Amino acid sequence: LFFDSLMKALVAALFAVTLAAAQPSSVSPAERAIASAREQIQRDPKFSKSYTDLALALARRGRETGSPDFYRQAERAVQDALRAEPDSFEANKARAVVLLGLHEDGAALDLARKLNQRIPDDVTMRGLVAGAAMELGNYEEAEKQAQWMLNLRRGNLPGMIRGALLRAAFGDMDGALDWLTSVFRLTSANE
């Protein structure tokens with residue numbers, strides 16, 4: 001009888017922990033990243049990377065919410081990063097992310113191409129070139145960049161997402177759904 005009660009209590013506790021883990025956090029990963037970057041800025045306001053981190057977190061929050069205000073805040077953070085380090089590759093990369101979020105696709109593509117020439121094997125840059133090219137209807141360039149990302153590493157999640165979006169653009173909805181399902185399965189539960 002004691003063993004049965006103990007087992008029931010353990011099963012109930014395991015169920016409660018599993019249920020709690022499955023509940024979405026009241027604070028999103030982007031919100032946590034925003035808070036962390038702001039703390040870093042308070043500690044060292046002259047450090048460019050903290051502003052860049054803030055810009056990327058704000059852009060991510062903009063994607064989460066669909067609010068363009070987060071992209072405008074991100075643009076200000078990029079400007080702060082570039083004031084601290086005028087030729088920062090990472091700050092300019094964040095600027096390309098912000099431009100895409102603000103649907104300034106031509107400017108995003110120009111900047112992404114320029115940065116890609118500077119560091120040709122930066123995977124994120126290739127994804128930004130692909131994303132901007134796709135937004136502008138240049139599917140050939142988008143496909144070339146996404147394929148480069150996947151050739152680098154088959155399970156490359158950003159490359160798989162670009163590939164899925166291209167499949168959808170080409171009318172292969174089943175293929176797009178398969179790829180997005182794979183991405184979802186490979187994504188950390190924290191994300």
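This is a predicted model: local features need pLDDT of at least 70, side-chain atom pairs count only at pLDDT 80 or more; totals for chains, interfaces and linings use all residues.

Reply: Contact here means heavy atoms within 4.5 Å.

Me: Which residues does glutamate 75 touch, not counting residues up to four places away in sequence?

Reply: Glutamate 75 has its place in helix α4, which covers residues 68-84. Once residues up to four places away in sequence are set aside, the residues that glutamate 75 touches are Arg95 and Val98.

Me: Does glutamate 75 count as buried or exposed, and which side chain does a polar contact join to that of glutamate 75?

Reply: Buried means under 20% relative accessible area. Because its relative accessibility is 13%, glutamate 75 counts as buried. A polar contact of 3.2 Å links its side chain to another, and the partner is arginine 95.

Me: Against which helices do the buried residues of α6 pack?

Reply: Helix α6 runs over residues 105-118, and its 14 residues reach 20 Å from the first C-alpha to the last, close to the 20 Å expected at 1.5 Å a residue. Its buried residues are Asp105, Ala108, Leu109, Leu111, Ala112, Leu115 and Asn116. The helices against which these buried residues pack are α5 (89-101), α7 (123-135) and α8 (139-152).

Me: Which helix gives the most to the lining of the largest pocket?

Reply: The largest pocket holds about 1,200 Å³ of space, and 31 residues line it, with Arg60, Arg63, Pro158, Ile161 and Arg162 lying nearest its centre. At least two residues of this lining come from each of α3 (48-65), α5, α7, α9 (157-169) and α10 (173-186). With seven residues, the helix that gives the most to the lining is α7.

Me: How do the residues of that lining divide into nonpolar, polar and charged?

Reply: The lining of the largest pocket comprises 31 residues. Taken by class, these residues divide into seven polar, eight charged and 16 nonpolar.

Me: For the protein as a whole, what percentage of contacts between residues at least 6 apart in sequence join residues at least 24 apart?

Reply: The protein has 10 helices and zero strands, so that reading along the sequence gives the pattern α-α-α-α-α-α-α-α-α-α. Of its 191 residues, 37% are buried. Among contacts between residues at least 6 apart in sequence, the share that joins residues at least 24 apart is 48%.

Definitions and conventions: Residues are numbered from 1 along each chain as its sequence is written. Side-chain values use heavy atoms; hydrogens and water are left out. Helices (H or I, at least four residues) and strands (E, at least two) are DSSP runs, numbered from the N terminus. Buried means under 20% relative accessible area, exposed over 50%, partly exposed in between (1.4 Å probe, protein chains only). A polar contact is a pair of N or O atoms within 3.5 Å; within protein, one must be able to donate a hydrogen and the other to accept it, and residues adjacent in sequence count only if both atoms are side-chain atoms. The expected span of a helix is 1.5 Å times one less than its number of residues. On a 1 Å grid over the protein atoms alone, a cavity is a set of points where a 1.4 Å probe fits but cannot get out, and a pocket is an open set with protein on both sides within 12 Å along at least five of seven lines; lining residues have an atom within 4 Å of a point. Grid points are joined across faces, edges and corners, and a volume is the space filled by probe spheres set on the points. Ala, Val, Leu, Ile, Met, Phe, Trp, Tyr, Cys and Pro count as nonpolar, Asp, Glu, Lys and Arg as charged, and the others, Gly among them, as polar.
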